[in-house]
Amino acid sequence: MDIYQLLSQAFLFQSLDAEQIEVVEACTSLRQVAKGEHVFNEGQPATAFYIMVSGMVKIYKLSAGGNEKILHIQLAGDLVAEAVIFEFDTYPAYCQALENTQLLRFSKEKFLDVLRCFPEITFHIMRAYSRRIRQLVDKIDEISLRDVRSRLANFLLTNSKTKNGKLSCTLNFSKKDLSAMLGTIPETLSRALNFLKKEGFIEESGNSILIVSKAGLEQVSGG
């Protein structure tokens with residue numbers, strides 16, 4: 001695994017030069033987490049944040065009644081719990097591996113020492129957070145202004161790839177998890193999928209969704 005490449009592609013470190021990335025890399029270590037194991041629990045002291053190397057984790061909270069609410073599904077290349085760098089002394093949610101997972105662990109203490117000693121790295125981190133805030137504002141606009149059908153269509157278009165001349169989107173997680181990502185419930189997601197299939201825009205095969213009409217999805221998504 002090329003840790004340098006992994007770091008250079010993460011949103012926090014994309015604008016760092018090679019020497020700065022080497023400084024950041026000194027704060028890291030690899031961690032293996034088995035399927036079903038928790039990376040951290042809500043309320044646990046926040047001593048580290050992570051970049052996903054491989055596998056998949058879910059970030060979730062529990063209601064007073066014990067019901068699980070999935071906040072995020074994180075895949076390879078995603079940052080996990082980076083908010084604890086500046087904001088939290090304890091983790092604000094649970095993180096559990098949905099499959100065998102490898103993570104690059106950042107010691108919070110060592111990383112903060114780097115930021116104190118290298119102000120130029122701190123400046124780049126602040127710029128990265130600014131870009132991420134703009135992306136989140138756009139996401140909020142999408143959730144508030146679009147209905148589930150358009151959010152689903154946009155998700156399929158954004159995450160589809162061409163293989164053997166056909167455009168398709170592979171779901172590496174359950175539809176329950178997808179519904180949480182889209183800010184809805186499984187029943188509503190199912191109705192949205194059925195609508196897109198009935199209109200002839202998509203076809204389902206296992207965990208793969210074939211894009212039959214890209215133009216149709218673009219119309220539904222508002223694009």
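**Notebook: helices, sheet and domains**

I looked at α5 and α8 first, and these helices are oblique to each other (angles under 35 degrees count as roughly parallel, over 145 as roughly antiparallel, 65 to 115 as roughly perpendicular and the rest as oblique). Here helices are DSSP runs of H or I with at least four residues, and strands are E runs of at least two, numbered from the N terminus.

A note on the source: this is a predicted model, where local features need pLDDT of at least 70, side-chain atom pairs count only at pLDDT 80 or more, and totals for chains, interfaces and linings use all residues. Residues are numbered from 1 along each chain as its sequence is written, and side-chain values use heavy atoms, with hydrogens and water left out.

**Entry 1: the helix pair.** I noted that the axes of α5 (residues 148–159) and α8 (residues 214–221) come within 7 Å and cross at roughly 135 degrees. Axes are lines fitted to C-alpha atoms, for helices over the stretch in contact, with angles from 0 to 180 degrees between N-to-C directions. I then checked who touches whom, contact meaning heavy atoms within 4.5 Å. From α5 come Arg-149, Ser-150, Ala-153, Asn-154, Leu-156 and Leu-157, and from α8 come Lys-214, Leu-217, Glu-218, Val-220 and Ser-221. I sorted them by class and got 5 nonpolar, 3 polar and 3 charged residues (Ala, Val, Leu, Ile, Met, Phe, Trp, Tyr, Cys and Pro count as nonpolar, Asp, Glu, Lys and Arg as charged, and the others, Gly among them, as polar).

**Entry 2: the sheet.** I followed 4 strands through an open, antiparallel sheet in the order β1-β8-β3-β6; two strands pair if DSSP finds at least two bridges between them. At the edges I found β1 (28–33) and β6 (79–80), each pairing on one side only. Strand β3 (residues 48–54) is joined to β6 by 2 bridges, and I saw Ile-51 of the sheet standing opposite Leu-79 in β6. Helix α3 (residues 108–117) lies across β3 and β8 (101–107), at about 50 degrees to β8.

**Entry 3: the hairpin.** I moved on to β11 (residues 202–205) and β12 (residues 208–211), which pair in the antiparallel sense over 4 bridges. Glu-203 stands opposite Leu-210 in β12. The hairpin has 2 residues between its strands, and Gly-206 takes a positive phi near 65 degrees.

**Entry 4: the domains.** I found the chain divided into domain 1 (3–117) and domain 2 (140–221), with bounds from an automatic or database domain assignment. Their C-alpha centres lie 28 Å apart, and the contact takes 5 residues from each domain.
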